[in-house]
Amino acid sequence: WVGSRGTIRDYTDFSASRDAEAVRKAIRGIGTDEKTLINIFTERSNAQRQLIAKEYRAAAGKDMKDDLKSDLSGNLEHVMVALVTPPAVFDAKQLKKSMKGSGTNEKALIEILASRSSKQMKEVSEAYYTVYKRSLRDDISSDTSGDFRKALLTLANGRREETVKVDQHLAKKEAEVLYNAGEKKWGTDEDKFTEILCLRSMPQLKLTFDEYKNISKKTIEESIQGEMSGHFEDLLLAIVVKCVNNTPAFFAERLHQSLKGAGTDEFTLNRIMVSRSEIDLLDIRAEYKKLYGCSLYSAIKSDTSGDYETTLLRICGGDD
């Protein structure tokens with residue numbers, strides 16, 4: 001859950017008990033001291049925030065997350081609670097919210113399931129079961145259908161190969177399989193696409209897609225757009241374009257969508273800012289600037305306000 005291109009790192013002069021005491025004071029005082037909460041939670045890594053929560057519980061006999069919930073409200077509450085939640089539990093809760101209620105948020109399901117590693121997905125499934133006493137697979141099953149469901153379930157299993165070793169011979173063979181399952185065929189064999197795109201390692205897929213272009217004279221992306229439709233197409237494209245070719249660009253695009261237009265999509269904005277803050281937010285910032293000509297920092301600044309804005313800007317870490 002931690003990469004080398006995050007904006008948030010371990011705080012060097014860290015003391016969990018000192019921070020827990022400061023958080024208690026900030027919550028307990030007359031009126032909440034949001035400034036202290038923002039300073040502490042945006043300058044500590046998630047692992048450190050878990051240690052603060054442990055100390056807090058020992059000292060206060062209460063759950064820090066619950067106290068934050070009852071003391072804060074709106075977007076600030078949501079982002080603060082996100083910051084103090086362990087990453088796998090946070091993903092589990094985001095998946096649950098994406099499937100709860102009147103409509104399914106397919107975009108959020110795609111974003112999470114297409115971009116997490118096998119190891120991460122296994123942890124998310126475990127966290128999901130711990131929190132909801134239900135299996136993530138069962139909930140995905142009852143909330144989606146068809147090829148889209150099949151592909152999501154394959155990803156949820158966390159069986160994607162993680163090796164960096166690539167097999168040229170296999171890439172050629174599977175490029176042929178994809179070509180025969182799509183472009184060359186009357187009707188498309190979706191299962192073959194799901195099997196290869198949801199199980200092979202990212203470096204292996206890169207090689208396969210290069211081979212595919214040699215055979216088919218089209219990019220895999222063009223073929224998917226021509227052959228598939230609906231959420232299944234969206235999911236495959238998310239895997240191909242974004243996650244295999246350029247993960248940070250994928251998230252930059254999602255952030256742009258959450259910030260532009262009539263209202264801000266805080267659900268997406270909070271999730272990406274928090275979940276990528278220790279992994280690759282620096283690269284996402286760079287891609288954002290490249291794609292949209294303005295910094296992510298300035299986009300957040302013009303779209304949010306108050307303590308919520310301050311928190312997001314602190315996570316963002318700088319203006320490019």
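This is a predicted model: local features need pLDDT of at least 70, side-chain atom pairs count only at pLDDT 80 or more; totals for chains, interfaces and linings use all residues.
Q: What makes Ser118 count as buried?
A: Its relative accessibility is 6%, and buried means under 20% relative accessible area (exposed is over 50%, partly exposed in between; 1.4 Å probe, protein chains only), so Ser118 is classed as buried. Ser118 belongs to helix α8, residues 118–132, where helices are DSSP runs of H or I of at least four residues and strands are runs of E of at least two, numbered from the N terminus. Setting aside neighbours within four places in sequence, Ser118 has contacts (heavy atoms within 4.5 Å) with Gly158, Arg159, Arg160 and Glu162.

Q: Why is Val23 classed as buried rather than exposed?
A: Val23 has a relative accessible area of 0%, and therefore falls in the buried class. This residue of helix α1 (residues 16–28) touches Leu37, Ile40, Phe41, Ile52, Tyr56 and Met64, when residues up to four places away in sequence are not counted.

Q: How do you know which residues form the boundary between domain 2 and domain 4?
A: The bounds, 88–145 for domain 2 and 247–316 for domain 4, come from an automatic or database domain assignment. With those bounds, 11 residues of domain 2 are in contact with 10 residues of domain 4, and the C-alpha centres of the two domains lie 22 Å apart. About 940 Å² is buried between them, 60% of it on carbon and sulfur atoms, where buried area is the accessible area (1.4 Å probe) that two parts lose on being put together, summed over both. Phe90, Gln94 and Glu111 supply 50% of the area that domain 2 buries against domain 4, more than any other three residues.

Q: What makes the meeting of Glu111 and Arg254 a salt bridge?
A: Their side chains come to 3.0 Å, N to O, and a salt bridge is a side-chain nitrogen of Lys or Arg within 4 Å of a carboxyl oxygen of Asp or Glu. Across the interface of domain 2 and domain 4 the rule finds 2 salt bridges, and 3 residue pairs are in polar contact, both residues at pLDDT 80 or more.

Q: Which elements give two or more residues to the side of domain 2 that touches domain 4?
A: They are α6 (87–99) and α7 (106–115), with α7 giving the largest share, 5 residues. By class, this side of domain 2 has 3 nonpolar, 4 polar and 4 charged residues.

Q: Why is α7 described as mostly covered?
A: In α7, 8 of its 10 residues are buried, among them Ala108, Leu109, Ile110 and Glu111.

Q: What covers the buried residues of α20?
A: The covering elements include α2 (34–42), α5 (74–83), α17 (266–275), α18 (281–292) and α19 (296–303). The buried residues of α20 (residues 306–316) include Tyr308, Leu312 and Cys316, and just after this helix Gly317 takes a positive phi of about 90°.

Methods. Residues are numbered from 1 along each chain as its sequence is written. Side-chain values use heavy atoms; hydrogens and water are left out. A polar contact is a pair of N or O atoms within 3.5 Å; within protein, one must be able to donate a hydrogen and the other to accept it, and residues adjacent in sequence count only if both atoms are side-chain atoms. Ala, Val, Leu, Ile, Met, Phe, Trp, Tyr, Cys and Pro count as nonpolar, Asp, Glu, Lys and Arg as charged, and the others, Gly among them, as polar.
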